[in-house]
Amino acid sequence: MLEMLYPGEYLDSTYEIDFEGLSAEGYRGLIFDIDNTLVYQDEDSTPEVEALFERLRMIGFKTFILSNNSEERVRRFAKKVSSPYLSGAHKPLKIGYERALSILGVRREQAVFLGDRLLTDILGARRCGIWCILVEYIKTDGEKPDMIRRLEGHLYKRKTE
């Protein structure tokens, strides 16, 4: 059961991902969480994020934003990066991931999910058979992890021991 919590890959940042390599491996769709994956919690898109999404389109990727956050927040963010989206996705339930695949027009073997939470992002993607990358969550200086993040850290550490 615990294997469902473990990503295919773990990186310090979304910006460390070898997107060209993923494309060469046959991946065509990228499904992103927003908060603490692309930007700090509840922040708007940044020029760096917008440049990343433009680069991804130039590589040939289709992108999708999948978030448990509100319609207003997700719509505003998705508009800035010119990406389809689903808010209130109820991750880790499968329905949001399956809808993302349908809208992107890609098979689960052609998709990658990128997120910062084991218990929502990664668990949901794994349940749907989507390759997933866990990135270190974006935090402010001196920010202490909450109880759920500490639990997730313990679970991930257990895998690497």
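Colleague: By class, what is in the lining of the second largest pocket?

Modeller: Seven charged and six polar residues, with no nonpolar ones. Asp, Glu, Lys and Arg count as charged, Ala, Val, Leu, Ile, Met, Phe, Trp, Tyr, Cys and Pro as nonpolar, and the others, Gly among them, as polar. A pocket here is an open set of points, on a 1 Å grid over the protein atoms alone, where a 1.4 Å probe fits and protein lies on both sides within 12 Å along at least five of seven lines; lining residues have an atom within 4 Å of a point.

Colleague: Before I get carried away, what kind of model is this?

Modeller: A predicted one: local features need pLDDT of at least 70 and side-chain atom pairs pLDDT 80 or more, while totals for chains, interfaces and linings use all residues. Numbering runs from 1 along each chain as its sequence is written, and side-chain values use heavy atoms, leaving out hydrogens and water.

Colleague: Fine. Which residues lie nearest the centre of that pocket?

Modeller: Asp33, Asp35, Asp116, Arg117 and Thr120, out of 13 lining residues. The pocket holds about 190 Å³ of space, taken as the volume filled by probe spheres set on grid points joined across faces, edges and corners.

Colleague: Are Asp33 and Lys91 buried or exposed?

Modeller: Lys91 counts as buried because its relative accessibility is 7%, and Asp33 is buried at 7% too. The cut-offs are under 20% relative accessible area for buried, over 50% for exposed and partly exposed in between (1.4 Å probe, protein chains only).

Colleague: Which residues make up the salt-bridge network there?

Modeller: Asp33, Lys91 and Asp121. Asp121 is also one of the buried residues of helix α5 (118–127), along with Leu118, Ile122, Leu123, Gly124 and Ala125. After α5 comes Gly129, with a positive phi near 75 degrees.

Colleague: How many salt bridges does the structure hold?

Modeller: Nine. Arg55 and Glu20 form one of them, with their closest N and O atoms 3.0 Å apart. Arg55 sits in helix α2 (47–59) and Glu20 in helix α1, so this pair ties together parts 35 residues apart in sequence. Arg55 is partly exposed at 33%, and Glu20 is partly exposed at 42%.

Colleague: And Glu109, which partner does it have?

Modeller: Arg107, in a salt bridge of 3.2 Å, N to O. Glu109 counts as exposed at 51%, and Arg107 is exposed at 52%.

Colleague: What about Gln110, buried or exposed?

Modeller: Gln110 is buried, with a relative accessible area of 18%. It is in the loop between α4 and β5 (111–115). Leaving aside residues up to four places away in sequence, Gln110 touches Gly26, Tyr27, Arg28 and Gly29, where a contact means heavy atoms within 4.5 Å.

Colleague: Switching to rings: how many aromatic pairs are there?

Modeller: Three. In one, Phe19 and Phe61 are edge-to-face, 6.4 Å centre to centre with 75 degrees between the planes. Phe19 is in helix α1 and Phe61 in the loop between α2 and β3 (62–66), so the pair ties together parts 42 residues apart in sequence. For the terms, rings of Phe, Tyr and Trp (its six-membered ring) pair if their centres lie within 6.5 Å, with planes under 30 degrees apart called stacked, over 60 edge-to-face and the rest tilted. Both Phe19 and Phe61 are buried.

Colleague: Last one: what pattern does the protein follow along the sequence?

Modeller: It reads β-α-β-α-β-α-β-α-β-α-β-α, with six helices and six strands. Of its 161 residues, 46% count as buried. Among contacts between residues at least 6 apart in sequence, 67% join residues at least 24 apart.

Technical notes. A salt bridge is a side-chain nitrogen of Lys or Arg within 4 Å of a carboxyl oxygen of Asp or Glu. Helices (H or I, at least four residues) and strands (E, at least two) are DSSP runs, numbered from the N terminus.
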